[in-house]
Amino acid sequence: MSLLETPPPGSSAQPSKRPDFPETPHKAVRLPGGILGILSSTDHKVLGMLYLGLALIGAVFGGAFAGAIRAQLTSHDLEVLSPEFYNAMVTMHASVMIFVVIIPALAGFGNYLVPIMIGARDMAFPRLNAFSFWLLIPAGGLMAASFFVQGGAAAAGWTAYPPLSLKEYSGGPGVDMWILAVHLAGLSSITGAINFIVTVMNMRAPGMSLMKMPLFVWTWLVNAWLILIGTPVLSGAVTMVLLDRGFGTGFFKPALGGDPVLYQHLFWFYSHPAVYIMVLPAFGLISHALAAFSRKRIFGYTGMVWAVCAIGVLGFLVWGHHMFTAGISPELRLWFSFMTMVIAVPTGVKIWSWLATIWGGTIRFTVSMKFALAFISLFVIGGISGVWLANVPIDLQVHDSYFVVAHFHYVLVGGAVTGLFAGTYFYFPKMSGRFLSEKIGNAVFWLFILGMNLTFLPMHLVGVQGMARRIWQYREEFAAINHLISFGYLGMAASGALFIYSIIDALRKPKTCGNDPWGINDVQKSLVWDIPSPPPPYNFDKIPVLKGTASTGG
Amino acid sequence: MKLNWKAGAISALGVLAAAAAYAGAGGDADSPITNLFNEPVTPIAHTVRSYWIFVALITGVFLILPQIILFWCIAKFKDAPGRKPATFHENIKLEIFWTVIPILVLVVMAVPSYPIIKKIENPPPADMRIEIIGRQFLWEYRYPEFGDVRISDEPLVIPVDKTVVADCTSADVLHAWWVPAFGVKIDTVPGRLTQIWFNVEEQGWYKGQCAELCGSLHSQMYIDVRVVSQEEFEEWIIDRGGTIPAGNSLAQNS
């Protein structure tokens, strides 16, 4: 069925509002093909896939770094890596996974899907969009190159807390290169965020009011605001470290009147919302997968939208919960503690609404749906351990222990990465015109879920028992559990390898998918499944005009 | 597909059970740190433990309930020929219910944490004061009231059943002093003084670890605390060239 309605002649909703925009642009514009076409493209779909490709390459490196960490930690007294290199691995695993994998992957889905979902032909600023993507190449390149400079890559943790990240304690240029990489990735995020906000606010098809936008668009709109407000603060904070390192300032040097705790405030003002930056679009992805494969509409759309907005606002009021042990005042700690717990409420609204979405549906257990269901289960675990950590007395006990490592991996791997898997399996047919193999996908799913839980569940236990995080060797008592954790890593690594094979395998097959390969659009009523797979350049021959009920589905 | 879910779930449970058994078998039962959850030995640790159990019981409901509903849905609402999906997509009463109830629960949970924070923050009258200084990559302890005895890179020695207040700072980068059985952790920040206190109820050997990344040998900044009787402590101080002040509350008590 078509969502498009032929507007009556002379209707104000006609695309004639944009008189110099050709009705069938892909016939009017000749695009270069081949490699040159990809490199010079400003098409949001091409850029979206470039983002996703970069994220996949980044994941191979980030995953390999995790493998090195787990190899070192398999037993308590190994010396697989030198302690300096181990710290560099810890730092770069986090930096790559955050700045080159999860954020770009979500930006990739955002780039690809947001214009289509709102009925636009491209982003508002296509060249700026290409600029945002290509900035990530030197950012990743700087991180990679820093391994080969004197002193090696940055080893002060991805948090880069001074004084450890200052010249006196991290001598080589590794930290400087890391800071410049963060600047570039930050600039990429900021320009991308501006692009998303302008696109969503101005380029929605006639008939698509804000409260009819698909949830994925909503999550990206809120996300873009978080990036726009938070990222400049991070850039400022790391710039101050750069100045302290190379230009003799003393922002964070106690001897010069500076304060290391100030850096923590600035850093977490960005880096706590960054957690939501990494998980909100994943919320959007799984919302659509859950609704589609239950053959229902999303439950409580309005509540879901407000929950996303609430998470966005509250996310900026909680940064202090990373600093409960730093000696800040009890009243301030109580404030940050309570605000952090309050975030559980809108997050809970989303969990209950997802459960209500699948309730009473006719569930098809595709790989995408399995990942989406697993997301709910795993994210609840990460959320509850988050509520524990929000309580100051408990946090004082397990702060900076493996309990925290377990918590944020349940949120970021169980949440963001599982959501990305669900999104990939769901939208791959739209993007490429081909299905990913469900058979291989089942193996990917079970290996990932088993490996993921085997890796991160026991970390709660060693954390409570007293194993601090970011340590190169540890007391013998923790060896048995760490052995298991390293074993779990192998499951995740195998799953990742199979996943990449599955993508290559699928891309070698002919394109067979029609507009609506999953057969879901009679219920979902989404623009995404109303155009060919893959969509033509500029997506729509005519700017769609939406009927009343469209189109909260995705 | 049915077989698939079942087989997967069973193997998942099997692997996790094996994992738990394996993990439980390891470790040396004599050292305090390996007690599954570090037996608390200070007033703070006891308070934190009971508060933790309280929080775990409350949040446990919200941990288990969604999982039960999720698996119920997976089992119950499979696609099958002839089955039609429900069409409801909102219910204001339900949505208000699951927004308001968690807020009330959070208030009930959060309010008792304030007195605990105050208790941790405000030590009772000190029996003795010590200084803890983090340094790459060892801990330095000072006893200013006992002839300024200074030790570094060896276990902290303190008497049992005395309120020990520690002023903490760092000589270089951030460190964090953490002994799980004491229920305390505090960052040592260069240029700042932070404070913790503990009153250990049982003699013994307690283990901890630096908990803030501080450079290449961060992992080697182990913390060991020997909690001894008053007599042993005084002997040890004198052995280290210190003095026992006559008017000291420690000496009076003993």
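How much area is buried between chain B and chain A? About 8600 Å², and carbon and sulfur atoms give 70% of that; buried area here is the accessible area (1.4 Å probe) that two parts lose on being put together, summed over both.

Some housekeeping: this is a predicted model, where local features need pLDDT of at least 70, side-chain atom pairs count only at pLDDT 80 or more, and totals for chains, interfaces and linings use all residues. Residues are numbered from 1 along each chain as its sequence is written, chains are lettered from A and ligands numbered from 1 in the order in which they are written, and side-chain values use heavy atoms, with hydrogens and water left out.

**Stop 1: the interface.** Select the contact between the chains: 98 residues come from chain B and 94 residues from chain A (contact means heavy atoms within 4.5 Å). Five salt bridges run between chain B and chain A; a salt bridge is a side-chain nitrogen of Lys or Arg within 4 Å of a carboxyl oxygen of Asp or Glu. Show B:D224 and A:R475 for one salt bridge, at 3.8 Å from N to O.

**Stop 2: across the chains again.** Now pick B:K118 and A:E331, whose side chains form a salt bridge at 3.2 Å, N to O. This pair goes from helix α4 of chain B to helix α10 of chain A (helices, H or I, at least four residues, and strands, E, at least two, are DSSP runs numbered from the N terminus). B:K118 is partly exposed at 29% relative accessibility, and A:E331 is partly exposed at 41%. For the cut-offs, buried means under 20% relative accessible area, exposed over 50%, and partly exposed in between (1.4 Å probe, protein chains only).

**Stop 3: along α10.** Stay in helix α10 (residues 330–358) of chain A and select A:T340. Is A:T340 buried or exposed? It's buried, with a relative accessible area of 14%. Its side chain makes a polar contact of 2.8 Å with that of A:H321 (a pair of N or O atoms within 3.5 Å; within protein, one must be able to donate a hydrogen and the other to accept it, and residues adjacent in sequence count only if both atoms are side-chain atoms).

Stop 4: Finish with A:R245 and A:D176, a salt bridge with its closest N and O atoms 2.8 Å apart. A:R245 sits in helix α7 and A:D176 in helix α6, so the pair ties together parts 69 residues apart in sequence. Both residues, A:R245 and A:D176, are buried.
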